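Q: I have a structure open and would like to talk through how some of its parts pack together. Could you take me through it step by step?

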Amino acid sequence: MTTTATSPAEAGEGRAVGKKTPGAARGKSRRPGRIRRIGLPYLLLLPALVLELLVHLIPMVMGIVMSFRELTQFYIRDWGSAPWSGFDNFKIAVDFDAPVGQALLHSFFVTVLFTVLSVGLCWAIGTAAAIYMQETFKGRGILRALFLIPYALPVYAAVITWVFMFQHDNGLVNHVLHDQLGVTDKPSFWLIGDNSFYALLTVSVWKGWPFAFLIVMAGLQNIPKEMYEAAALDGAGLWQQLRRITLPSLRPVNQVLVLVLFLWTFNDFNTPYVMFGKAAPKAADLISVHIYQSSFVTWNFGTGSAMSVLLLLFLLVVTGVYLALTSRGRKTADV
Amino acid sequence: MSDTTVRHRSPMAAPRSFVWSRRIFLTLLAGFVLLPVFVMVSSSLKPLQDVQGEFRWIPSGLTIRPYVDIWSTVPLAKYFTNSVIVAGAATVCSVIIAVFAAYAVSRYRFRGKRVFTVTVLSTQMLPGILFLLPLFLIYVNIGNATGIALFGSRGGLILTYMTFTLPFSIWMLIGYFESVPRDLDEAALVDGCGPLGALFRIIVPAAIPGIVAVAVYSFMTAWGEVLFASVMTNETTRTLSVGLGAYANLNDVYWNQIMAASLVVSVPVVAGFLLLQRYLVTGLTAGAVK
């Protein structure tokens, strides 16, 4: 019990030591115990390993291989016979003077802007709500359950509702903005054209902030109350307590949270797909849907794979740089 | 919900300005969160002309017709059954496999442990679109070679979903298992329980909240996934996530029925989640926030 209360790194050591004692205490011969002890963990991991291999790792390697082949609809039945094409697929994907490359680059920039805004807003709203709800007040429990509804709703049900709200003629958004408040001179289109970016962002933030809220709330529970009491005795106001205690204590939580939010948002397929279908408007052409469309609508798997590999490389670089920057001088044992 | 488990901040009364800003912020936020929920519920009870014309805050009349009609406009019951089977089977399998893996990682020291945890976790960051194409081909080719229909079948989807939720489930369960005192299962081992006996008699019962949290997470993920469902199902195996889109493709869009159907498919997961959210929050504290 004492070992679990220490830091994760130390707990790892403690576990190994603790594990040895019962075997010795049992006084059985050491060799069979050793073999069992060595074999058993692998046996326990086997199902998970097989699945991870079949569904994640092998397809990933295959995806990389496919990106070097000319894999069009003619070779789907027997993809091994598709001719090798070297870096051709990549050249097509990054030829920014040609339409395919241009569209990919555009989609990439849209996704970056969308992700930065969405993650920023989700984090800010989630953190603010968690901090406001750190102290008990009447109705806090109900409010907390209510705030988690967007997270709990199935994506398609939630997004379809938003699609209905964004309808041009019979939607709530135009009804409020145009008919009731008179902000716009005529009803706007939200699901096509430039506005679709803001519509997508709204839905994404609505859907995503409760996760930030949940994680920050969990992180806040680990801040000892005594720290606030001591700070209050020293005359620190609420704002100072927030800046000097709450936010610094949340740093490790935020490090993981922002990364996870970033990866989820950047790779998000469900929201744009349910919102716009197979052909997203240019302003909201997120990269996942773009690649999906390039592959399944045109049946050009080679180029689609090359785009996926480029996306993967980008995410790896960003994650690496992010972890290096945020964990300088801190052990990232659990990331 | 569980106010007693939460450590409260300063015992002093908060200043008035803080209370007011909190009131305003949380009210606005609640409005933002509830707006679609309100639209969903109210529109699902409206007659058709209400949802085809200009939006109305207050329905001209209430009707339960949409709830009757949804079952015949598209084969919703079939989609529903498919989703229940797929999400249910994926959840059960994924939880069992994750329990074994987490037990190995939390209680044993073995070569490659760190490689395993890092690899499994890092699959979480990979874009789903990257596996979609190869997995599609793998399933098609396995089908051609062995006759086991993975592509277009529920089995293929179950296999895919259970793997998707594995990394996060294992991660969360490791956190949970670590919080179960080691002395307990070691005592069981001394008393002659096998390793599996110790796992199922001692650790699993003690970690039930974590297992519930993982099960809820797996079910929600499988219930809501769209990308793989859209490619890997056919007319007979279609799940709700794709099937619900069928309404929008009809010549006349019956928004009241779509809202009714959305509500019907949401109720099981939202109710389950809200009932069990306490476990999920503690699960995240144990697993994710270390």
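Q: Is the crossing of helix 13 of chain A and helix 16 of chain A left-handed or right-handed?
A: Bearing in mind that this is a predicted model, the crossing of helix 13 of chain A and helix 16 of chain A is right-handed.

Q: And at what angle do the axes of those two cross?
A: The axes of helix 13 and helix 16 (residues 301-326) of chain A cross at roughly 170° and come within 11 Å. Angles over 145 degrees count as roughly antiparallel, and helix 13 and helix 16 of chain A are therefore roughly antiparallel to each other.

Q: Which residues meet there?
A: From helix 13 of chain A there are Gln255(A), Leu259(A), Leu263(A) and Phe266(A), and they meet Leu315(A), Thr319(A), Tyr322(A) and Thr326(A) in helix 16 of chain A. By class, the residues of this contact divide into five nonpolar, three polar and no charged.

Q: OK, what about helix 5 of chain A and helix 13 of chain A, how do their axes cross?
A: Helix 5 (residues 99-132) and helix 13 (residues 251-266) of chain A have axes that come within 9 Å and cross at roughly 140°. That makes helix 5 of chain A oblique to helix 13 of chain A, and the crossing of the two is right-handed.

Q: Which residues make that contact?
A: Helix 5 of chain A contributes Thr111(A), Thr115(A), Ser118(A), Val119(A), Cys122(A) and Trp123(A), while helix 13 of chain A contributes Val258(A), Leu261(A), Phe262(A), Thr265(A) and Phe266(A). The residues of the contact between helix 5 and helix 13 of chain A divide into seven nonpolar, four polar and no charged.

Q: Switching topic, where is Leu286(A)?
A: Leu286(A) is in the loop between helix 14 (270-276) and helix 15 (287-297) of chain A.

Q: What does Leu286(A) touch?
A: Not counting residues up to four places away in sequence, Leu286(A) touches Ser107(A), Val110(A), Thr111(A), Phe114(A), Asp268(A), Pro272(A) and Ala280(A).

Q: Last one, how many residues do chain A and chain B put into their contact?
A: The contact takes 97 residues from chain A and 90 residues from chain B. On the side of chain A that touches chain B, the largest share, 18 residues, comes from helix 3 (residues 30-66) of chain A, and by class this side has 64 nonpolar, 22 polar and eleven charged residues.

Definitions and conventions: Residues are numbered from 1 along each chain as its sequence is written. Chains are lettered from A and ligands numbered from 1 in the order in which they are written. This is a predicted model: local features need pLDDT of at least 70, side-chain atom pairs count only at pLDDT 80 or more; totals for chains, interfaces and linings use all residues. Axes are lines fitted to C-alpha atoms, for helices over the stretch in contact, and angles run from 0 to 180 degrees between N-to-C directions. Helices (H or I, at least four residues) and strands (E, at least two) are DSSP runs, numbered from the N terminus. Angles under 35 degrees count as roughly parallel, over 145 as roughly antiparallel, 65 to 115 as roughly perpendicular and the rest as oblique. A crossing is left-handed if the near helix is turned anticlockwise from the far one by less than a right angle, and right-handed if clockwise. Two residues are in contact if their C-beta atoms, placed from the backbone, lie within 7 Å. Ala, Val, Leu, Ile, Met, Phe, Trp, Tyr, Cys and Pro count as nonpolar, Asp, Glu, Lys and Arg as charged, and the others, Gly among them, as polar.
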